[in-house]
Amino acid sequence: MVSGAAPTGLGISSGLVDAEHLAKERDDWLFGWRMRFEFRKPERAKRFFEEELFVLKGYPVIRPDGRLSVRLYHPAHPAEAAPELTADDILGTPAAEPRFDDHLNHVQISGDYNPDFDSSVGETEFTLFHDFKDAADAAATKETKILKIESRGLRSSLDGVRSAAFASGKIRQRYLKPPLELEVETFFTKRTLEAGEAVFISHPHLPNMETGTRGWNQVACEALKAQPDFRKGRMKFTLL
């Protein structure tokens, strides 16, 4: 996509794109993904990326040096090499709140987009590729929270059914059990931690929602936001 000073095709200088990080995310998480889109009229790039790519795969991030990249959906993994924030790094006690609004237990993903469908003869605009419902979670939580994705790029001829199942698995890993959202304030020395990166948290006062006790030891989280406070010389992080 990017080669030296060659343009990216998006009106963005190649020097502003972290091609190495993009390639790593692609090789780690997008092996075998192929999509085909048909454009019949101009579309806004921002809307296209948000509705067709980020909903399935990830979201954009800005690297510490200001270059653009993307973070693909995958929960922070304990085996992942990542920095650690401990009680010595964190100022005060982090605020922890469950993200119940992000709970999902039913995922439907459709593809094979047909812009010329004729409903009078039984044709549909999309074909259902993947339908997963966690009945046990729905019974336990007494609610069914569904996410429906209609992709114009997934094609059964390009192994789109497998890709839909893969995307569903990643989405469910993140949202089947409502995650805790942490608001953490640290010293400015932790400014190199950026949104989209994994980080381990160790703190004696954070609640363990599974055991009903307190204390975290190297719990893998993901940084959603990173906000510097230059006046106070501190960093504010939102972690999931």
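**Reading a mixed sheet and one buried serine**

Analyst: In this predicted model, 6 strands form an open sheet in the order 3-9-10-11-8-4, with mixed pairing. Strand 3 (84-85) and strand 4 (95-98) stand at the edges with a single partner strand each, so one side of each has no neighbour in the sheet.

User: What counts as a strand, and when do two strands pair?

Analyst: Helices (H or I, at least four residues) and strands (E, at least two) are DSSP runs, numbered from the N terminus. Two strands pair if DSSP finds at least two bridges between them. Here, strand 3 and strand 9 (residues 198-208) are parallel over 2 bridges, and Glu84 has Phe200 as its bridge partner in strand 9.

User: Which strands run antiparallel to strand 8?

Analyst: Strand 8 (residues 180-187) runs antiparallel to strand 11 (residues 234-239), joined by 6 bridges; Val184 is partnered by Phe237.

User: How many residues lie between strand 9 and strand 10 in their hairpin?

Analyst: There are 4 residues between them, and Gly212 in the turn has a positive phi of about 75°. Strand 9 pairs with strand 10 (residues 213-229) in the antiparallel sense over 7 bridges, and His203 stands opposite Trp216.

User: Is Ser168 buried or exposed?

Analyst: Buried means under 20% relative accessible area, exposed over 50%, partly exposed in between (1.4 Å probe, protein chains only). Ser168 is buried because its relative accessible area is 0%. Ser168 sits in helix 4 (residues 160-175) and, leaving out residues up to four places away in sequence, touches Val107, Ile109, His130 and Phe132 (contact means heavy atoms within 4.5 Å).

User: Which conventions apply?

Analyst: Residues are numbered from 1 along each chain as its sequence is written, and side-chain values use heavy atoms, leaving out hydrogens and water. Local features need pLDDT of at least 70, side-chain atom pairs count only at pLDDT 80 or more, and totals for chains, interfaces and linings use all residues.
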